[in-house]
Amino acid sequence: MASVPSLSAQVQQRLDAALSSALPEAAGADPLLRRSDRADFQANGMLALAKKLGGNPRELAAQVTGGVEQAGLIEGIEVSGPGFLNITLADGAITRTLAARYADARLGVPPGADPGTTVVDYAQPNVAKEMHVGHLRSAVIGDAVVRMLEFTGEKVVRRHHIGDWGTQFGMLIQYLDEHPQELEHDGGAASGEEAMSSLNRLYKAAREVFDADEEFKTRARQRVVALQAGDPETLALWQRFVDESKVYFYSVFGKLDMDVRDEDIVGESGYNDMLAETCRLVEESGVGVRSEGALCVFFEEFKGPDGKPTPLIVQKSDGGFGYAATDLSAIRDRVFQLKADSLVYVVDARQGLHFKMVFETARRMGWLAEGVTAVQLAFGTVLGADGKPFKTRAGATVRLEDLLDEATERASAVVREKARDLTEAEIAERGAQVGIGAVKYADLSTSAARDYKFDLDQMVSLTGDTSVYLQYAYARIRSILRKAGERGPAPHPELALEPAERALALHLDAFGQVVTEAAQEYAPHKVAAYLYQLASLFTAFYDQCPVIKPEPPLAVAENRLFLSDLTGRTLHEGMALLGIRTPERL
Ligand SMILES: NC(=[NH2+])NCCC[C@H](N)C(=O)O
């Protein structure tokens, strides 16, 4: 079923028609329509237009006003101030539009007009290493971006570009070869925590031998060569590190309630076969030049942290390939094999220079040609309460699993306090949904580029801009609908709307536009801000407009139940786009 145009789209259409018949030369000009508290909508576009055409804005506004078709949609339209149009909608039109929305499973989010293929590079931890809060941000933001894009009809290819290749594996593999029992677990598969702690133990032990024993060092270096040459025995040992790490990754992603699929994990090693070719192309085209043996691309425009222009090193002087060669190869794969027209990299802002140089190199190579965009969705740093990068008291990186477990524990305490008739199992389940939701929402509700403070107390708070507040609003709506008994939700366009009903209804109308914009801009925080406002407007509505007690007339009750139900569904869908659960009861 086709989505119903929003009220603002309907008004826009009538204004466009009036504008082009009043002034054919102004056809297509943007009337700059927005929500307003003075009327329902305000259009400010006449000012700029009059300036451009050299007329009087108030006169132009009056002329357009006279030509707007009002029937069935607009109750009043008047010119105010220097030439604004204030537009009030007919109550019945508002309710009718939302009633059509009610029957639309997409809640007014239009399927993308021209869907393409987007590769989202996110949730990319490193093999044999602990995940940190930066990996959490990439996972949470990337997951929301994927969900939003998919909902708007875009074809999405997920890529978890894990760090699974490089010289550091020589030492680890050699050590494992000499101590094969190190990654063996009694009783089958290890838990994520066990997997990571054995990897940590192994890393430490290997490092110690590596630093103390020259002969081991030599053997470790030979292992790097064997790995790069594709020696089967060496590859098999390497694979054990990858598999062990995946047990750990999956357990963290599982706790985050994220579904990561094996086929989407294409780590650095996945581009190994392309590296030599990538370098050859870069060198032969002249885009890269040899400098002291290394293959470099130079830029006037990008300066390193020291203020001097830094080159992108595609191949080191010893012949080794690094991070950049892999990313350049990944671009070729994504553009030419996966046929992507958009590439999004959800990566820490501190890798900004790397991506600028990689994208510019790919542009010079013609790999990122017209019609293909590449952006880094750069995110800021997670800070501790002290405003410094988030660390434990002892200065160590915080273990992600501990963090998530603590969030769940705290949330369970909040749930238990409020719970009247929940079993322990239910409390644990809700605790996880609330706790993980809180961590995700805190991350998603600030724009990605900004740093934010990791403050669990604030995150699980019932008041303020938190996921718990939104989850409670949802659970409250579900409870109202259950309590309504015989009376059910039904729209009544014949009824006049109270101000709080009207404000809620007009906000509900905007969902499609907000989601479309947020998806296009890779900006989940816009959805979060929308939902917070929705929950706040619902609270005001529920305070001012009785739904169940004192019992309103049947039609009024049904109409309010209808607004409540649509609010609930919108909250549910919006939270789902952020990857956050909305339990039926809390
Ligand atoms: N295509 C990419 N370079 N993606 C980002 C990878 C992030 C890297 N593994 C890290 O932990 O920092």
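Predicted model: local features only at pLDDT ≥ 70, side-chain atom pairs only at ≥ 80, totals over all residues.

I started with the UniProt record, an unreviewed entry, which puts a short sequence motif called the 'HIGH' region at residues 125–135. Then I checked what the chain does there: 27% of that stretch is helix and 0% is strand. I also looked up the gap between the end C-alpha atoms of residues 125–135, and it comes out at 6 Å.

The protein chain averages a pLDDT of 93, and 99% of the residues score at least 70. For the complex, the predictor gives an ipTM of 0.99 and a pTM of 0.95.

**The domains.** How is the protein chain divided? I noted domain 1 at 7–89, domain 2 at 117–163 + 267–381, domain 3 at 168–261 and domain 4 at 400–578. Domain 2 is listed in two pieces, 117–163 and 267–381.

I went back to UniProt, where the unreviewed entry labels residues 9–89 as the domain "Arginyl tRNA synthetase N-terminal". That span is 42% helix and 23% strand. The end C-alpha atoms of residues 9–89 sit 13 Å apart.

**Domain 2 against domain 4.** I looked up the distance between the C-alpha centres of domain 2 and domain 4 and got 37 Å. Their contact takes 21 residues from domain 2 and 18 residues from domain 4. Which elements each supply at least two residues of the side of domain 2 that touches domain 4? I found helix H5 (133–151) and strand E11 (373–379). H5 gives the most to that side, with 11 residues. I sorted the side of domain 2 that touches domain 4 by class too, and it has 15 nonpolar, 4 polar and 2 charged residues.

**A sheet with three strands.** Next I followed an open sheet of 3 strands, in the order E7-E8-E9, with antiparallel pairing. Which strands are at the edges? They are E7 (289–291) and E9 (312–315), each of which pairs on one side only. The twist averages 50 degrees from one strand to the next.

**A closer look at E7 and E8.** I checked how many bridges join E7 to E8 (residues 294–297), and there are 3, with the two strands running antiparallel. For one residue I wrote down the partner as well: Val-289 has Cys-296 in E8 as its bridge partner.

Notes: Residues numbered from 1 in each chain as written. Pairing = 2+ DSSP bridges. Helix = DSSP H or I, 4+ residues; strand = E, 2+ residues; numbered from the N terminus. Axes fitted to C-alpha atoms, helices over the stretch in contact; angles between N-to-C directions. UniProt positions renumbered as here; feature names shortened; annotations may be inferred. pLDDT = per-residue confidence, 0-100. Domains from an automatic or database assignment. Contact = placed C-beta atoms within 7 Å. Nonpolar A, V, L, I, M, F, W, Y, C, P; charged D, E, K, R; others polar.
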